[in-house]
Amino acid sequence: MRMIDCDGLTKRFGEFTAVDSVTFAVEKQSIFGFLGPNGSGKTTVIRMLCGILQPSGGTGRIAGFDVASETEQIKGTLGYMSQRFSLYDELTVNENLIFYGRLYGLRGAAERQRRDELIALTHLEPYLERRAGLLSGGWKQRLAMACALVHKPQVLFLDEPTAGIDPVARRELWDLLFELSSSGVTLFVTTHYMDEAERCSHVGYIYLSKLIVCGEPDDLKQLPAVNPTGTQRLDVTCDHVTVGLQAIRKLDGVRSATVFGQSMHLQVEAGLGEAEILAKLREVGIHEADIRPIAPSLEDVFVTLTMERGRQS
């Protein structure tokens, strides 16, 4: 069952086109990752799907409801967690939960039961009497998510939910997202982190207002544009990797080279052998290196497609 369905969704502000004929679908219980540079149109797409912005063209549906003409029905179907903490800093965690519960019409035993469920889900119990403004970034995001889930939405939009929080809090938040997905919630997540994109069941990449590609991560890594005939990708691990990078970039047959931790990731022509790479590294004093073939990453996919689109424009 499709929970999100866009067909030619477009948004213009005067002569500026922020979102240009975007088409994709998200199945129930999926985790859909939506990626793209700042200003590419990600947040505008979310705002149209949430009924906040009226589309200039095309159609969008949430759980079968039209985002342009059935906004009241959509309100009860979706939850939205913005990229900035948007709750009440002066209220405690518990007071924020009570406020949002009552905002959605919960009272008495129903409100207390739902609050208890959300506290158990997000593990907020130790912080119930702490003012929201005094929480760490990760706990603020847990509170924001709890408030977005008060009315049991079928679809939850999360606009860069892990921006600015530490790696441990990021992992814990993603564990919570997996738990929500397994319970039947459909998640639409924008992120700049490639490791988070790898965790999504499907990803879409938008660039300069246009959706360039959409699909399962493993399928996108097999695209012909990402794996040109007669090329291979290599991981080269060595000491002084930045020094080695400058040398390798001058080697004939190297199409691209970038640092990845303590390694270099290369895309090279198939005829370029390990011996030539090792010889080039020895020229700059690097006498040992481990070279192995690798599959492209999602970052490789998006960088390749962005560069290809840039050459076309």
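This is a predicted model: local features need pLDDT of at least 70, side-chain atom pairs count only at pLDDT 80 or more; totals for chains, interfaces and linings use all residues.
The protein contains 11 helices and 14 strands. Along the principal axes, its C-alpha atoms fill a box of roughly 75 × 45 × 35 Å. Of the 313 residues, 48% are buried. The accessible surface comes to about 15,400 Å². Carbon and sulfur atoms account for 48% of that surface. Contacts were also sorted by sequence separation. Among those between residues at least 6 apart in sequence, 68% join residues at least 24 apart.

An open sheet is formed by 6 strands. Their order is β6-β7-β8-β3-β9-β10, and the pairing is mixed. The edges are taken by β6 (78-81) and β10 (210-215). Each edge strand has a single partner, so one side of each is left without a neighbour in the sheet. From one strand to the next, the twist averages 15 degrees. Within the sheet, β3 (residues 31-35) pairs with β8 (residues 186-190). The two strands run in the parallel sense and share 4 bridges. Phe32 has Phe188 of β8 as its bridge partner. Helix α5 (residues 137-148) packs on this sheet. The helix touches β6 and β7 (155-159). The direction of α5 makes about 160 degrees with that of β6.

In soluble globular proteins, nonpolar side chains tend to be buried together. The largest nonpolar core here has 49 residues. Leu143, Met145 and Leu156 touch the most other members of this core. Helix α5 supplies the largest share, 7 residues. The surroundings of Leu156 can be listed in detail. Neighbours within four places in sequence are left aside here. Leu156 is then in contact with Gly79, Tyr80, Met145, Ala148 and Leu149, and also with Leu180, Val185, Thr186, Leu187 and Phe188. Phe188 is also the β8 residue that bridges to Phe32. Another core, of 25 residues, lies apart from the largest one. Its members include Val26, Leu78, Val155 and Leu211.

The cysteines were examined next. The count comes to 0 disulfides. A disulfide requires two cysteine sulfur atoms within 2.5 Å. The sulfur of Cys6 has its closest cysteine sulfur in Cys214, at 9.7 Å, which is too far for a bond. Seen from Cys214, the closest cysteine sulfur is that of Cys6, again at 9.7 Å and too far for a bond. Cys6 is buried, with a relative accessible area of 1%. Cys214 counts as partly exposed, because its relative accessibility is 35%.

Leu223 counts as partly exposed, because its relative accessibility is 25%. Lys210 is 13 residues from Leu223 along the chain. The C-alpha atoms of the two residues are separated by 18 Å.

Note on methods. Residues are numbered from 1 along each chain as its sequence is written. Side-chain values use heavy atoms; hydrogens and water are left out. Buried means under 20% relative accessible area, exposed over 50%, partly exposed in between (1.4 Å probe, protein chains only). Two strands pair if DSSP finds at least two bridges between them. Axes are lines fitted to C-alpha atoms, for helices over the stretch in contact, and angles run from 0 to 180 degrees between N-to-C directions. Contact means heavy atoms within 4.5 Å. Accessible areas come from the Shrake-Rupley method with a 1.4 Å probe; for residues, only the protein chains shown count as cover. A nonpolar core is a set of buried Ala, Val, Leu, Ile, Met, Phe, Trp, Tyr and Cys residues joined through side-chain atoms within 4.5 Å.
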